[in-house]
Amino acid sequence: MKKFEEKTVQTNLEFSGRIITLQVDEVLLPNGKTAKREIVKHPGAVAVIAVTDDKKIILVEQYRKALERSIIEIPAGKIEPNEAPELTALRELEEETGYTCANMKFIQSFATSPGFADEIIHLYMAEDIAKMEQASALDEDEFVEVLHVSLEEMEQMVISQQIFDAKTAFAYIWLKDYLK
């Protein structure tokens, strides 16, 4: 048994949508009691750090309905069924920014909200990026503005909370060492 493991006794599917499902699990706790856990199931996502030759970081600004505001983020997106994460990363970079790259270097995977969701984000560094002659189309319900910012400008966006999501804050911390 894993330390503090909670054994699932029963699972009830409450909602199944286009991106997520919600299930409620009844679990057996290490002390023998039971509890309920609401769990959001997500197929996983990727996020991409892309830096131009002149050390400008490529970010996108978009409206996030869950937050009721626009935020500035690194390019990212949901992994499609049977799609390798590095291919998702390339697709999202091309669709959201109009850039492509010669190679996607894996950096790290991390949980976004482990208290209630199983979403894992796989973070990549786009290497040898180039502007595409013909940009890929955004999803029909996606509206973004592409930004090119310095590390110092990105830091100010974190401080002012224009950058407000964990994956982009993590990318900023990683870039502080990378761009030394």
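A residue counts as partly exposed when its relative accessible area falls between the 20% limit for buried and the 50% limit for exposed. Keep that in mind for Lys55, which sits at 47% relative accessibility and therefore counts as partly exposed. The structure you're looking at is a predicted model.

- Lys55 isn't a glycine, yet its phi is positive, near 65°.
- You'll find Lys55 in the loop that runs between strand S4 (45-50) and strand S5 (57-64).
- Asp128 is another non-glycine residue with a positive phi, this one about 55°.
- Asp128 belongs to strand S9, which covers residues 120-131.
- With a relative accessible area of 63%, Asp128 is exposed.

**The largest nonpolar core**

- This core has 24 residues, and the ones touching the most other members are Ile49, Ile57, Leu59, Met154 and Leu175.

**Around Ile57**

- Leaving out residues up to four places away in sequence, Ile57 touches Ala50, Val51, Leu147, His148, Val149, Ser150, Leu151, Met154, Leu175 and Leu179.
- Two of those partners, Met154 and Leu175, are also listed with Ile57 among the core residues that touch the most other members.

How values were computed. Residues numbered from 1 in each chain as written. Predicted model: local features only at pLDDT ≥ 70, side-chain atom pairs only at ≥ 80, totals over all residues. Heavy atoms only, no water. Helix = DSSP H or I, 4+ residues; strand = E, 2+ residues; numbered from the N terminus. Buried < 20%, exposed > 50% of the residue type's maximum accessible area, 1.4 Å probe, protein only. Core = buried A, V, L, I, M, F, W, Y, C linked by side-chain atoms within 4.5 Å. Contact = heavy atoms within 4.5 Å.
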